[in-house]
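Have a look at the sequence and the structure first.

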Amino acid sequence: MKLAERYDALFIDLDGVVYRGDHAIAAAVLALPEIRRLGPSIQFLTNNSARTPLQVAEKLRGLGVQADPEEILTSALATAALLRREGSDGKSAFVIGELGVREALQQVGIRLVDGEPDRTDLVVIGWDRAVDYAKLRTASLLVERGARLVATNADASYPAPDGLWPGAGALLAAVTTTTGADPTVVGKPSAPLFQAAAEAAGAAHPLVVGDRLDTDVGGAGAMGWDSLLVLSGAGRAADLLGSRSLPTHLGQDLSALLEDRPLTRPRKATPEDLGPLRELLEASGLRNQGIEGRLGQTVVMDMDGSPGQPLAATACLEALDRQGLLRSVAVRPDLRGKGLGMLVTAAAIHEARVGGVTRVFLLTETAEGFFKGLGFSVIDREGLPESVGAGSHAVDDCPSAAAMSIEVPP
């Protein structure tokens, strides 16, 4: 089953997923028509509040992507909807933001006040490429005088073709740092944007697709939804090791939705997994002696999330005081190249981090490039701690393997 067919709706981020700045991501443009033919409802979600849905749809069509304004849900629309539900009609607002948020607020009866007003009911902050010190000063003063601070989103950066630009979160930070105010944040990873998308799509089992672990993946997890992290935007595979939220799926770009992918979730191994573990390690050309003694430090992934089936992937991280030895990273041969190795490795390191491990070592003969992609660095074998370098894994199993290590992110 293709990944897109497993869900009744796809909530697809835009910046870093469909395009970067004013340039389309070619793989996304090619994949989207086939994704539509598979039948799931599509909502394009964006924390970018600068454009109106019509402008976003026109931009997408200009890049070769079919899209209707009704399929576009911006953080500006979600912000206006939230304020409308709370009874904002007739209230005044000072806005740092572009046309998208200004128009959305006006449509729900909020009166916009420009210049340097003495007081307003609200200060609303979105992405604004024309912001200056005077606007930030005015916003801060109004909040100090009692205005409620609302942010369309808190993204610190915006993925542009030439790198990362300051996002709405960077502007918000200037005001919160100045005032100490606790803002209401509407966009991802907060719930209102996701709730609005589910309502618009009539979705019960959606998949969130994005390029950010903090907003897209973290927000999906908080909603109890699955997620696909694509590496075409801000996110990198190495970011997985320091994240508290791991995606359900990992892909290079939107074409991952057209692949036959199992639904896999990491979990701790149990005694019932010994047989399948041995089979998986043997199929991967790895030694399986002694795995029963390491079972408590082993993470596995079930095929389609159901115990009792052949295992899809595994990784073991032996804790040796505050250091760890990563070993037995294996993925079923027919599932390689689908990100499972990275996800199960990240899950094993997360478990070790919770247990106090601060540095992880490994030995590899054939997967140096794979581990470099996760942030590991090659080290001299003499740099291995004695607990690793003098152990049977190093001496007997991997006498000529390359040594690598990484400091576990806090």
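## Cavities

Keep in mind that this is a predicted model. Inside, you'll find four cavities of 30 Å³ or more. The largest cavity holds about 170 Å³ of space.

So who sits around that space? The largest cavity has 18 lining residues, and those nearest its centre are D15, N47, N48, D155 and Y158. The largest share comes from β10, with three residues. Sorted by class, the lining has seven charged, seven polar and four nonpolar residues.

## Helix α3

Next up is α3, which spans residues 75-85. This helix is mostly covered, with eight of its 11 residues buried. The buried residues are S75, A76, A78 and T79, plus A80, A81, L82 and L83.

Just past the end of α3 comes G87, and its phi is positive, at about 85°.

## The α5 and α6 pair

How do α5 and α6 pack, and at what angle? Helix α5 covers residues 133-144 and α6 covers residues 168-179. Their axes lie 9 Å apart and meet at an angle of about 45°. As for handedness, the α5 and α6 crossing is right-handed.

Key. Residues numbered from 1 in each chain as written. Predicted model: local features only at pLDDT ≥ 70, side-chain atom pairs only at ≥ 80, totals over all residues. Heavy atoms only, no water. 1 Å grid on protein atoms, 1.4 Å probe; cavity = no way out; pocket = protein on both sides within 12 Å on 5 of 7 lines; lining within 4 Å. Points joined across faces, edges and corners; volume = space filled by probe spheres on them. Helix = DSSP H or I, 4+ residues; strand = E, 2+ residues; numbered from the N terminus. Nonpolar A, V, L, I, M, F, W, Y, C, P; charged D, E, K, R; others polar. Buried < 20%, exposed > 50% of the residue type's maximum accessible area, 1.4 Å probe, protein only. Axes fitted to C-alpha atoms, helices over the stretch in contact; angles between N-to-C directions. Left-handed = near helix turned anticlockwise from the far one by under 90°.
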